[in-house]
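This report examines a single structure through its aromatic pairs, its helix packing and a selection of individual residues. The sequence and the structure are shown first.

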Amino acid sequence: MIAKEDLLSLFRKEFATTLKVMRAYPDAQMQFAPHERSQPAKRLMATFVFEMYLLRSYILGEKVDRSVFQQYTKETLDELITDFETETTVVIDRIQNLKEDDLTKTVQFGGATFTADRFALMMLFDQIHHRGQLSVYVRLAGGKVPSIYGPSADDPTTNL
């Protein structure tokens, strides 16, 4: 089991990094997709918001309608960033208020069984995966890729 404070620390760090990549994206390129089978940038970023809905539903026990993802219609970068910040804050605050034992409960998702802490990590790792995709979109759409886990060609600073 991962301790709640360790989980929260990881969430805070990775969410801040995801926000940095989102903010680096050129807001005039929200329809950009690097390939015909790739999602447009706005849909890729909407995934970050949807993952917060999944955490609220499966870990926090809230009744969140999963169809909200199919119906999600935010168009602008500012709207997506605001929603991601809002949903992330809700998830972090509610996880903060969980008892440690709440993170050991069983979660059924996608035909698999997880403990709540492992499900939360899976959602976080999925966010990191999609953030990596978004960093490629940033470059291809004409933006500057920020440092993520170390310097990038566009941002030689590092925040490790």
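## Aromatic pairs

In the whole structure, a search identifies 8 aromatic pairs. Rings of Phe, Tyr and Trp (its six-membered ring) pair if their centres lie within 6.5 Å; planes under 30 degrees apart count as stacked, over 60 as edge-to-face and the rest as tilted. One of the pairs joins phenylalanine 15 and phenylalanine 84 in an edge-to-face arrangement, at 5.8 Å centre to centre and with 90° between the planes. Phenylalanine 15 belongs to helix H1 (residues 4-24) and phenylalanine 84 to helix H4 (residues 77-96), so this pair ties together parts 69 residues apart in sequence. Helices (H or I, at least four residues) and strands (E, at least two) are DSSP runs, numbered from the N terminus.

Phenylalanine 15 is buried at a relative accessible area of 3%, and phenylalanine 84 is buried at 0%. Buried means under 20% relative accessible area, exposed over 50% and partly exposed in between (1.4 Å probe, protein chains only). Phenylalanine 84 also pairs with phenylalanine 48: the ring centres are 5.7 Å apart and the planes lie at 50°, so the pair is tilted. This pair links distant parts of the chain, with phenylalanine 48 in helix H2 (residues 41-58) and phenylalanine 84 in helix H4, 36 residues apart. Phenylalanine 48 and phenylalanine 84 are both buried. Ring pairs join Phe11, Phe15, Phe48 and Phe84 into a cluster.

## Basis of the model

The model is predicted; local features need pLDDT of at least 70, side-chain atom pairs count only at pLDDT 80 or more, and totals for chains, interfaces and linings use all residues. Residues are numbered from 1 along each chain as its sequence is written, and side-chain values use heavy atoms, with hydrogens and water left out.

## Packing of H2 and H5

Two packed helices are described by the angle between their axes and the distance between the axes. For H2 and H5, the axes come within 10 Å and cross at roughly 170°. H2 is therefore roughly antiparallel to H5. Axes are lines fitted to C-alpha atoms, for helices over the stretch in contact, and angles run from 0 to 180 degrees between N-to-C directions. Angles under 35 degrees count as roughly parallel, over 145 as roughly antiparallel, 65 to 115 as roughly perpendicular and the rest as oblique.

The residues of H2 that meet H5 include Leu44, Phe48, Met52 and Tyr58, and those of H5 include Phe119, Met123, His130 and Tyr137. By class, the contact of H2 with H5 comprises 13 nonpolar, 4 polar and 3 charged residues. Ala, Val, Leu, Ile, Met, Phe, Trp, Tyr, Cys and Pro count as nonpolar, Asp, Glu, Lys and Arg as charged, and the others, Gly among them, as polar.

Histidine 130 is situated in helix H5 (residues 116-140) and is buried at 12% relative accessibility. Apart from residues up to four places away in sequence, histidine 130 touches Leu44, Thr47, Phe48 and Glu51; contact means heavy atoms within 4.5 Å. Methionine 52, in helix H2, is buried at 1% relative accessibility. Its contacts, with residues up to four places away in sequence not counted, are Phe15, Phe84, Glu87, Thr88, Val91 and Gln127. The C-alpha atoms of methionine 52 and valine 91 are separated by 6.7 Å, although the residues are 39 residues apart along the chain.

H1 has 21 residues and reaches 30 Å from its first C-alpha to its last, close to the expected 30 Å. The expected span of a helix is 1.5 Å times one less than its number of residues. Buried residues of H1 include Leu8, Phe11, Phe15 and Met22, and the buried residues of this helix pack against H2, H4 and H5.

H5, with 25 residues, should span 36 Å, in agreement with the 36 Å between its end C-alpha atoms. Alanine 116, in helix H5, is buried at 0% relative accessible area. Leaving aside neighbours within four places in sequence, alanine 116 is in contact with Ile59, Asp102, Leu103, Lys105 and Val107. Phenylalanine 125 is also placed in helix H5, but is exposed, with a relative accessible area of 52%. Just after H5, glycine 142 adopts a positive phi of about 95°.
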